[in-house]
Amino acid sequence: VTGTLANYTREQIEELIISNGGKAASSVSKNTAFLVAGANAGSKLAKAESLGVPVISEEDFAAKLTN
């Protein structure tokens, strides 16, 4: 999780990932399933893009929770 989020804190997103069976990591690697990115995302976003890791918005993340 990176950047400034409008509807959640980073910690809330991380808790939702964990409570839904995922793993929240503090860094991005080729094994990262996706990165939730808000406004003003920095080096994590750049690394995800360079590794081909999917980048989703917090709205896309919320939609994943309802599906």
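First, some ground rules: this is a predicted model, with local features needing a pLDDT of at least 70 and side-chain atom pairs counting only at pLDDT 80 or more, while totals for chains, interfaces and linings use all residues. Residues are numbered from 1 along each chain as its sequence is written, and side-chain values use heavy atoms, leaving out hydrogens and water.

Start with the fold. You'll find three helices and two strands in the protein chain, and reading along the sequence gives the pattern α-β-α-β-α. Helices here are DSSP runs of H or I with at least four residues, strands are runs of E with at least two, and both are numbered from the N terminus.

How does the radius of gyration fit a compact globule? For 67 residues, such a globule would come out near 11 Å, and the protein chain has 11 Å, so the two agree. (The radius is taken over C-alpha atoms, and the globule rule is 2.2 Å times the number of residues to the power 0.38.) Those C-alpha atoms fill a box of roughly 30 × 25 × 20 Å along the principal axes. Of the contacts with a separation of 6 or more, 44% come from residues 24 or more positions apart, where contact means heavy atoms within 4.5 Å. Buried residues make up 25% of the 67; buried means under 20% relative accessible area, exposed over 50%, and partly exposed in between, using a 1.4 Å probe and protein chains only.

Now for the side chains. The structure holds one aromatic pair. The ring centres of F34 and F61 are 6.3 Å apart and their planes meet at 45°, so the pair counts as tilted. (Rings of Phe, Tyr and Trp, the last by its six-membered ring, pair if their centres lie within 6.5 Å; planes under 30 degrees apart are stacked, over 60 edge-to-face, and the rest tilted.) F34 sits in the loop between helix 1 (10–19) and strand 1 (35–36), and F61 in helix 3 (residues 58–66), so the pair ties together parts that are 27 residues apart in sequence.

Finally, look at the backbone of N40. Most residues other than glycine have a negative phi. N40 has a positive phi of about 60° although it is not a glycine. N40 lies in the loop between strand 1 and helix 2 (43–51), and is exposed, with a relative accessible area of 73%.
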